[in-house]
Structure formats: C-alpha cells, structure tokens
Amino acid sequence: MRYFRCALIAIAMFLFASSPILAQIRGVVTDATDNTPIAGARVTLRSADGNTSRQTHANGEFSFETTNQPKDVTLHAYGYRDTIIAADQFTTSGEPLPIKLELNIALHFDVTVTAQKKLEAIQDVPVSVSTVRAPEIESRAPSGLDNVLRYIPGVSVTESEVNIRGSSGYARSIGSRVLLLMDGMPFLSADNGDVKFDALPLFDVERVEVVKGAGSALYGSSALGGVINVITRRPASGTHVAIMSTAGEYDQPSYDSWRVPGLGRRFLDGDIGVSSSAGDNAALLSAGFKRNEGYRLGDDYYRLHAFGKFTHRLNESSSLTFSGLVANEDHGGWLYWKSLAQPLEPSDSLSAINGRIHSLKANAFGKYTATIGNEILADVNVNLIHTKFTTDPTLPGGPDGNHSTADALNFETDISLPLTVAWYLTSGVTASYQTVASDLFQNHHGVLLGLFTQSEIKPIDFLTITAGARVDHIQYDQLTSDGQISPKLGISYQLTPEWTLRTSYGYGFRAPTIGERFTSSVISGFTVRPNLDLKSERSNSWEFGSDVSMEHWKLDAAVFYSTFDQLIEPTFVSSQGSPFVQFENVTKAEIFGHEEEIEYYPFADQSTMFRLGYTYVYPHDLTSGEILKFRPRHLLQAHAETGFHGFSIGSDFRYISSYETYDTTLAIQFVKDGDQRVPIYVLDARVGYTFNASEGWPVELTFQISNLLNYYYVEIVGNMAPTRSFSLQLQTHF
Amino acid sequence: MFFVVFTSASLLSAGGCNKGLEPPPASQVASISGRVHFVSPWPAKASVHVLELVLVQPAAPFADSTLIKGLNTTVIPLASLNYLSGDTNYSYSGIKPGTYNYLGVAQLFDTNVYRDWRVVGFSHDARDSAIGYTIHAGDAITNADVYVNFDSLPRSPFTK
C-alpha cells in the first residue's frame, strides 16, 4: 500500500512537472443579500479541452488549477441565478475573486438538505417540506424554537412534543414521534427520547427544515411522523459581531380573580456572537442568557447558553467542522394548574409535587467532508448529546429528588455519488450508543445500528424516481433485539418549469425509549412499572402533492394517508390486584387529510410576503373507534410581513381546533378542570425600524406583541398557554 | 393595506371578543381556608408516600378506591403536605357547592393507590366528632383547622 502511494505521488509529480499550470482560478461565493458563504454551489470551468466541475466549500471558496486555456466559469446554486464569469476576471495572483449570487426571485426556489440527505430544490423532492429562515426565526427568538414550529403548516406543538399532521398527541414529553436533528444528526435525549427545545442555539440557527411524513428509510428510529432539521449558520467571511437582546413583560390577565399578587411577569434575554474567518479557518462563538419570571407562579426560569462552531478547510476537497453547545437551566417545577379558578397558580395537590428542576444539556459535533474526484461526496459525522436533570431535595439538605443523566453517542458516515448521468446513489451507516443513569429509569444502555441506501433515478427529463431502504437493529441491555426494515419510494414529475407533481410512500418506526421500557418508580403516589416487552411503533405514510411556483406566488397542495400500529401510551393497569401505570402498545390508528399552502409576493423585491396554510386531519383510532387523543382536526396558520424605508411590519396568526378526545384515565382525574379546552386563536404582531440601514452598523429595533388578543387557551391539560406579552427587541451587527 | 386586511381577517376569525377560557362564575364556587396542625412526631418517611388534605363527600373514612376514582368530584384534594413540614396554612378556592362529610388529611402509607390510604387527622369539634360542611355558592369558609396525630389515628369510621 505504501509503495502504491509513493508511485501515485511520483506519477503526480511527473505530471505536475511536465504540465505547467496556465491559470489558477480561485473565488469565494456569497449570497448577495447577506454576504453569507454559499456552500455546495456547483462551479464549472470551461476550457479548451472541456469542462471541469467542483463544488464550493463550507466557506464558499473554490479553486481550479488548469493547464489549458480557461474560457469562463459558470456558477449554479439552488435558489440563485446562474452566473457566468469570464476567465480574465480572475486575478493572476491567485487571490480569490469575490462572487455574489443574486436570489432567483422569479422561481422562489427553496432548498432542502434533509429530505434526501443532499442539497436539492424543494420542488424536486417527492415529499412535503417546509422551511423557515433566520429572519423569521429571530423574530420569534424570545419564545424559542417551539414557537417557530407552531407557525409551520401542518405542525402543532404541545409542550415539547411536535405533532406533524396528527402523528403525535401528548405523552408527557416521553418518546417524540418526530425526529429532531441538529445539523443532520439526531438531537433527542437518550432517556426520554424527547426534544430539548431550550438547548437549541436559536441565535445561531440559519434555517429549519420540516419534512412531513414517515422518514425512517433515511433516518431510522423516531422519524415516525416526520423529521425536523435545525441547521446552524456558517461563519461569515470576514469578522462580524452580532448582538440581540429582548426585554418584555407578560400582561396581567383580564380577570381579576386570575391575577397573582407579586408575580414578576418580566423577561429579558441577551445574546452576543462573534464570527471570523481567516484563510482556511472560520469560527463563530456566541453566548447568552434568558431570564423569565413567568406568567404563572412557580414557572420561572434562568438559563445560560453558549454555542461555538469551527470550520477548517484541509485542502481543496475536504474540510472539518466542529461545534459544541451547552445550556444550563434552573426552572420552576410547574406541572399543572390549581383549577380554572386559579389557572396561573400551581396545583399543590396529589401528583403535582415537584421541586425546582436543574438541567444541563450539551452537544458536541464533528464532521469531516470530502469530495473525491469531482463527483463523489463523502462525510463522517459524530455527535454526543448529554442531558442531565435533578430536582430539588424533598428535605432541606437532603439528597436530590428525581434525577437522570443520559448520553447518546451518534455516528454516521455516508457517501453520495453519480453511478451514471441519470442515477445518483446515497448510502450510509449509522450507529448510536445510549446510556442512562437515573433513579426513575435505573441504569441502562442501548445500541442502535442502521444501514441505508437510496437511489435517485432520472429515466427521462423532468421525471425523478427515488427509492431506498434502511435496515435497523436495536438492542437495550441484554434484551431481545428488535429489527426494522424501512422502505421508501417517491416520484416527482415536472409538468412545466413552474409546476411539479409528486407522490411518495415512506415507512416509519420508533423504538421505545429507555424511559418507556424501564421506568420503575413510585411517582407522586403512583407505581410505574417497566415493560420489557414493549415493541416499536410503526407507521406507513402515503402522499400525493403538487407544487406550483410562479413569479409572485407559490402554491403547494397535498393529500396524505398514514397508518399507525403499536402506538405506545401510558396505561393505568388495574386488573392484577395492585394497580400501576405502565407503557403499553395499545393503539392502532389511521390518519388522512389534506394540506394547502400558498405564498404570495406582491412585489418583485420580495419585501412583502404573505403565507397561508391550512391542514385538515382525520385521526381515527382503530382500536377504540374514536378520534385519537390530543389531535386537532383543523390547523390554519398565516404569516405576513412587509418592509419599506427601514420599517418592517410582521404578523402571525394560527387557529387550531379543539381536541375532541383527551386522556381521561390519568390526566383528567388528577387535574382539576382538566377537561377545559377551547379552540386556539393566537395573533402575534410586530413593527420594527432599522437605523443606519445603509451604513455598516445597522441597528434594528422591534416592538412585538405576542398573543395580541390575550386569548386564554390550553395546549395540554391544566396548563394555561402564555398570556399576552409585550417586548422590545434590539438587534445589531457590524 | 395588505397588512391591515390580514390583521382584520385574523381578528374577525378569532371571534372578535371571544377570550377563550374564562374563570367559572364566582357565584358557582366557594373557598375554604385554615391551618393544618401536626401534633405528633412524624413516622418514617417510607410510610409517607403522599400526605394530602382532602375535603370528602362519601362516608368516612374511605371506601375502596374512593379517593382515586372520586378525585375532583366527591373528593377534593386541597393541598399536598411535605414530609416533616410544620403547621401549614392553606387556602383553596374553586370548590363546587355541596355537602361534604369531613375535612381530613389522608396518608398513602404504601404504594397501592386504591387501598393503602388512611386518615391521620380531621377537622373536629370539641367532642372529637368530624365537622361536616354544607357549602353554598360564594361561601368563604375560614378557620377550618385540621389536627394530624400519627400516633393516635381517628377512630374509624368516625362520624358527626
């Protein structure tokens, strides 16, 4: 092997020596609007002997060394106008030429890296995908990523559980049926398998992608109802500092009897980030805090968080990325209200006993990306998610209350390559090791292994067929292992450049979490017993959709049908003498519905935008014959924003119909007035002004009213949602 | 103009003055307050899984599964009491009008929530008989004190 390498080097040196370089073409590609680097743009060098293609690196750079007379360079990136630059524009000194790509406004292209595990235009993938970009995320920064998701068509959130098209109800934050990824890697806790929204670095999120429908064929366990990928931003070229701070206050409730004397109701948060790049290195570092006195008594929190990202270009074709985050929080142990007569005070009755919760979440991520030749992309990803919580001691000075420490080490390597001009292959291997130490779940570990492959075939122009499958092996402790085979099939057909039809089938599964399998404890008087026979939940999703993108508007419509089997729920078992709570596979269900989303841009500069989404879901429990618990049938979400002369105005509205069925066995019996629920109408509005908009140091001041109507509602039993709040947000960067 | 149309449509669809959930009418609920006195040493922590102040409609002390099945309907949990806590004031509003046979402190001494309950203190008169409460809408009952004695449990059944 060593001799072989030496021979290759010798041959390369010979070729190098015998073929003098005529030109060195280097450039750095950035977005013309915000100057962020564009990674993955396709760069084609045309020379006397033909074409050579490369992709831009994470920092937007590319380079060619050619021995032939170069003619021009063509740049192509999804969502941007194709740009051709004559070769003589590039400097002879080898300095990279700055190239700014303009957005392709006419087509409203948006891209996804989640749907197919590679960069594609949303119009080209056979499944429904919604995206949210940084400005929209920042506008909701005070309230967290969960509030960003609440305005995506077809998505609702109850506490930390995300429901995509009826896939999830409310299971006390145990076992998410939607897989959350951060930068493409799983980001669920190892014990409860839940989403830690408060750990996500919202200040540094570039975009959020939501893929609707079962996605286990690429992502394995938990992608039962869909996949959410939170993509952090890349360090910008040059050195930049960004600051954002929000201060606000919750309004008093309209009813005197609900007011809680002495409740602070104020909130304040601040973030500062620094981004810098030099040569082959780029880094960003941010840190911040959140202090929220809460709109309810005993529901306050204090949080410190930090995020860092570092990229290093090893050579022309490979790069390394490292990132890390840490979030430390002290939160009141709110469970549910005292009653509807006192909804902003915590219950002090049976099963609501809970001390303050102290939690730590951390994530370390590493990625190696390489381009082999001009066409083969390969990467290796590793992340470690650490979560820990403790509750206050029952006695002053005594041992901690409930506690859990969980770690998940995830590994994935995949490769993408064109087998022929019309056949693109993506394959990979994943492995995950989970370990938990807890008084609730005891000490356990689990291993999840996966192998996937996906082919994307274009047999004729405008037709794309995607087929793939994944094999998973899951084992906890020494228990019998579980295996899953998850197929997928998708067809996308472009009728015209503006109109695409799509249809897809996907399989999903969710392996029971360690919390669901092994909880063995007496919690607030209830004995919870483990269930070692728990099986994986399974789903099958079908969808047919259509997407039309015109100059001023975009319309997406889909009909979908899903079946669910072996759904896991906590069940009160009372038939064997001493009653206890246990997680069991109890429900079989089917869900069908339709979803429509329209975006309208009245002006060519996209300064004004209106989006309206409606989703109808019929979630039918085939076991009981009733509607599935905690699932709304109707969701309507609207978003509008406009900007002129430095001013910006934005508004969001959502309507969610009332749950038709809910948990009467556990939640309602122990939560006074737990059956109280209403349809949800929430309107948020904001107005902002940017000072020094044309200068190098713009300062944006935004006044925001959340829940403008001061509408009172619950998303989960016994939990009043946030009342109206007023806030002032300051943002600047230089 | 466009924004105005959007906001107006949102407001209209939100049902105008509809505020969503609202408190139950004051005329339909009542309140009760008082103090829980602990007059004996505490037992071992292992035998105090839950200690709950409850207002109870059924006959004393508890029928099988009454406490669990009747929660919020015929048994009103007023407050949880921490292990080793001292004398504690309580105040609770939102009680539905009705006749309640007694006000007591219930201890879950083992893990069977259907079976392992006992009354360790109650609100009683000078003759050690339980005080019953007939609560009307809008009533505000005060000084409803309860005396807990783990060493001398109330006789069972105890009556007025």
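Biologist: Why is A:N710 called partly exposed?

Modeller: A residue is buried if 20 or more other C-beta atoms, placed from the backbone, lie within 10 Å of its own, exposed if 12 or fewer, and partly exposed in between. A:N710 has 17 other C-beta atoms within 10 Å, so A:N710 is partly exposed. This is a predicted model, in which local features need pLDDT of at least 70, side-chain atom pairs count only at pLDDT 80 or more, and totals for chains, interfaces and linings use all residues. Residues are numbered from 1 along each chain as its sequence is written, while chains are lettered from A and ligands numbered from 1 in the order in which they are written.

Biologist: What makes the phi of A:N710 worth a remark?

Modeller: Phi of A:N710 is near 50 degrees, a positive value in a residue other than glycine. Most residues other than glycine have a negative phi.

Biologist: Where is A:N710?

Modeller: A:N710 is in the loop between β41 (699-706) and β42 (714-716) of chain A. Strands are DSSP runs (E, at least two residues), numbered from the N terminus.

Biologist: Why does A:R165 count as buried?

Modeller: A:R165 has 30 C-beta neighbours inside 10 Å, and therefore counts as buried. A:R165 is not a glycine either, yet has a positive phi of about 50 degrees. Its loop runs between β12 (161-164) and β13 (179-182) of chain A.

Biologist: Which residues are in contact with A:G332, leaving aside its neighbours within four places in sequence?

Modeller: They are A:G294, A:G298, A:D299, A:D300, A:Y301 and A:R356; contact means that the C-beta atoms, placed from the backbone, lie within 7 Å. A:G332 has 19 C-beta neighbours inside 10 Å, so A:G332 counts as partly exposed.

Notes:
Two residues are in contact if their C-beta atoms, placed from the backbone, lie within 7 Å. Helices (H or I, at least four residues) and strands (E, at least two) are DSSP runs, numbered from the N terminus.
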